[in-house]
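Colleague: Can we go through the charged contacts and the metal site in this one? Start with the terms, please.

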Amino acid sequence: MELELVDWLRSRIPPHPALIIPPGDDAAVLAIGAGQQLVATTDMLMDGVDFRLTEHDPRVIGRKCLAVNLSDLAAMAARPLAALVAVALPRSWPLDQVQAFTEGVLELAAQHEVALAGGDTNVWEGPLCVSVTALGEVAQGRAWRRAGAQIGDALVVTGPLGGSILGRHFTFEPRTRAALAIAERYEVHAAMDLSDGLLLDLSRLLRESRCGAELDLHRIPISPSAVELAARDGVSPLDHALSDGEDFELLLSLGQHDAERLIGDPVPGIHSTIIGRVTAGTGMVGRDVQGCLAHLPPRGYVH
Ligand SMILES: [Mg+2]
């Protein structure tokens, strides 16, 4: 549903001189003059979908609400500046829980030097619903986009994938600092953050870039939690790494030479891996260790 709705919305939004990158990427980019551009993104998180108020610590819920937005700024190579937090609070939620939630937001904001610039607080009979808007800046024309991957590019991910549901979807580190360090040193052709599963997200990047990809399946970095989850549900660790949501690592498309330099001279805080390459045509194929190729469907978390 989301993809069709976003396509329709994009077709309905008229051009505006300030709107450099319109809705449809990880964040929008707005011209604000003086060689800088404003990067804006918003994400709504809801009880029962993104967290469970009855099960999870309000502090980690608050952290996650900001973290997912910072991840989208990282996906654009934007320096985070500020966030606005709008909440619909359940009437029955005790004040100390609301405060713990807020502390979770503030803690991560401080770690990333993000100003909490405002928001809105409402109380209602419904479940907790949080909408965070994050603002960042980027030098004119330097924002990473999903479009722009070039045939022959290496595809890189910034960390191990899969099994995030076991806890990492709360504790993940938004890759804002790593993104800035990479943007400073390398020419990234296309990028996004992995929120809905590698295959589904990669298919979105490829769609915007109008090309295909070949993945080296034995090189996909598999997180220990993907292995743990596989032991419980019988789905293979690789399948978890390929299609589980909420990894919040970055997916980058850059020239082979730059990609090899990035692997050889690691950026602090991340473990980058080359997982495949961009190809002509459309669609994704996986190459196993024997060299056999198989078509890969765009599996992942569908909203
Ligand atoms: Mg995103």
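Modeller: Donors here are N, O and S atoms within 2.8 Å of the metal (3.2 Å for Na, K and Ca), and water is not among the atoms, so sites may look incomplete. This is a predicted model, where local features need pLDDT of at least 70 and side-chain atom pairs count only at pLDDT 80 or more, while totals for chains, interfaces and linings use all residues. Residues are numbered from 1 along each chain as its sequence is written, and side-chain values use heavy atoms, with hydrogens and water left out.

Colleague: Which residues coordinate the magnesium ion?

Modeller: D26, D72 and D193, each through OD, at 2.1 Å. The spacing of these donor residues in sequence is D-x45-D-x120-D. D26 is in the loop between β1 and β2 and D193 in strand β8 (residues 188-193), so this pair ties together parts 167 residues apart in sequence. Helices (H or I, at least four residues) and strands (E, at least two) are DSSP runs, numbered from the N terminus.

Colleague: D26 and D193, buried or exposed?

Modeller: Both are buried. Buried means under 20% relative accessible area, exposed over 50%, and partly exposed in between, with a 1.4 Å probe and protein chains only.

Colleague: Now salt bridges. How many does the structure hold?

Modeller: 24. The criterion is a side-chain nitrogen of Lys or Arg within 4 Å of a carboxyl oxygen of Asp or Glu.

Colleague: What does R146 pair with?

Modeller: With D25, the closest N and O atoms being 3.7 Å apart. R146 sits in the loop between β6 (129-139) and β7 (154-157), and D25 in the loop between β1 (19-21) and β2 (28-31), so the bridge ties together parts 121 residues apart in sequence. R146 is buried at 13% relative accessible area, and D25 is buried at 15%.

Colleague: And E246, what is its partner?

Modeller: K64, at 2.8 Å between the closest N and O atoms. E246 is in the loop between α8 (237-243) and β10 (250-254) and K64 in helix α2 (residues 58-75), 182 residues apart. K64 has a relative accessible area of 0%, and E246 counts as buried at 19%.

Colleague: Where do R261 and D258 lie?

Modeller: Both are in helix α9 (residues 256-264), three residues apart, about one turn of the helix. R261 is partly exposed at 38%, whereas D258 is buried at 14%.

Colleague: Which residues are linked in a network of salt bridges?

Modeller: E214, D216, R219, R277 and R287.
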